[in-house]
Amino acid sequence: MKYLEPELISLPFDQYQRYRLVAEVLDRLRPSEQALEILEVGGYPGVGKRFFPKDEFFIVDLFAEGKPDELVASALDLPFPDSSFPVVISVDLLEHLLPEQRERAISEMARVSSELILLSAPFQYSLARQAEKLVFEFIKDWLGWEHKYLKEHLEIPTPKLVETESELVKLGFDTQILPNGNLERWLIMMLGYYYFEGLGDALELRQKLTQFYNQHFFWRDISEPAYRHLIVASRSWLKEKPQALEDLISKIPRALEPDYQRFQLWLEFFRHGEIRRFEEKISQLEQALKSQQEEIAHLRAYISELEDFHQKVKSSLPYRLYQAIFKRKK
């Protein structure tokens with residue numbers, strides 16, 4: 001399959017699952033097999049392009065590098081005429097905007113889209129925020145740095161799914177919502193991903209785990225409870241193809257909400273590695289201390305030998321003559 005190429009399944013699982021779902025939806029809704037002009041709002045550094053090789057793909061982002069298919073611009077003021085693109089996508093951008101900016105960003109996406117908006121984000125869900133907090137604190141403890149984007153998720157109130165969908169409906173779109181990223185597996189994989197990052201010799205193993213997960217778990221991650229959701233907003237394609245997404249919808253299991261205590265257990269499981277790392281560090285320090293103590297003992301023995309030699313010199317006949325002749329002259 002086209003989404004199982006090594007270049008794609010080697011992507012971090014969190015990127016792979018969000019972009020592949022967007023691509024799978026578009027595959028089912030696009031008219032025939034025609035190429036489309038797609039605009040991604042907030043798409044830097046361009047991971048999404050890899051999933052749409054036959055389409056004309058453009059990026060708008062404040063951090064874009066100004067390449068021919070990129071434009072440095074704000075999501076709040078898209079520099080395009082109305083209905084410039086049949087498809088506009090936004091993947092995990094909305095939650096990084098301030099709450100008062102989101103309505104404007106959605107309005108701008110709707111203005112430049114002639115047909116379809118695919119908007120993906122972690123929406124307001126207390127258990128997802130708790131999972132993010134666990135991952136954020138684990139990364140800080142384990143690797144010694146703060147994850148920029150998780151920190152923003154925790155500091156900025158996340159968007160509400162119902163309000164976001166309602167805004168798109170008011171702007172003239174039909175909508176369908178799909179879950180993206182089973183929450184418990186998201187937590188396990190995030191902890192594992194950054195756990196392996198702290199083990200320099202385990203990055204190859206992390207890569208293999210990522211490839212295996214992307215290859216075998218994508219369909220299972222279209223499930224509730226989900227870390228994020230994808231809003232499919234269409235002016236006419238959903239009406240024209242009412243069954244187009246049925247196979248995706250049918251994959252959604254109705255699972256019970258996960259137990260927060262089980263989340264904590266996963267965190268403790270990975271923290272065992274942190275304990276092992278500290279124990280190894282202590283062992284290294286103890287070995288270094290032992291070496292230093294041995295060096296100190298050696299130096300003390302050497303000083304003692306020098307002192308003994310000094311005493312022998314002072315009691316020798318040449319030294320006494322030196323003392324008697326030269327010291328007396330002074």
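1. Which helices each supply at least two residues of the lining of the largest pocket? They are α2 (13–29), α5 (148–155) and α7 (183–197). Please keep in mind that this is a predicted model.

2. The space in the largest pocket amounts to about 1100 Å³. Its lining consists of 38 residues, and those nearest the centre are Gly-42, Tyr-44, Asp-92, His-96 and Tyr-149.

3. Gly-42, one of the residues nearest the centre, falls in the polar class under the scheme used here.

4. The second largest pocket holds about 270 Å³ of space. Around it are 15 lining residues, with Lys-2, Asp-27, Arg-30, Pro-53 and Lys-54 nearest its centre. The class counts for this lining are eight charged, six nonpolar and one polar.

5. On the protein as a whole: the secondary structure comprises twelve helices and seven strands. The protein has 330 residues, and 43% of them count as buried.

6. Among contacts in the protein with a separation of 6 or more, 77% are between residues 24 or more positions apart.

7. The accessible surface of the protein is about 18000 Å². Carbon and sulfur atoms account for 55% of that surface.

Conventions: Residues are numbered from 1 along each chain as its sequence is written. This is a predicted model: local features need pLDDT of at least 70, side-chain atom pairs count only at pLDDT 80 or more; totals for chains, interfaces and linings use all residues. Side-chain values use heavy atoms; hydrogens and water are left out. Helices (H or I, at least four residues) and strands (E, at least two) are DSSP runs, numbered from the N terminus. Buried means under 20% relative accessible area, exposed over 50%, partly exposed in between (1.4 Å probe, protein chains only). Contact means heavy atoms within 4.5 Å. Accessible areas come from the Shrake-Rupley method with a 1.4 Å probe; for residues, only the protein chains shown count as cover. On a 1 Å grid over the protein atoms alone, a cavity is a set of points where a 1.4 Å probe fits but cannot get out, and a pocket is an open set with protein on both sides within 12 Å along at least five of seven lines; lining residues have an atom within 4 Å of a point. Grid points are joined across faces, edges and corners, and a volume is the space filled by probe spheres set on the points.
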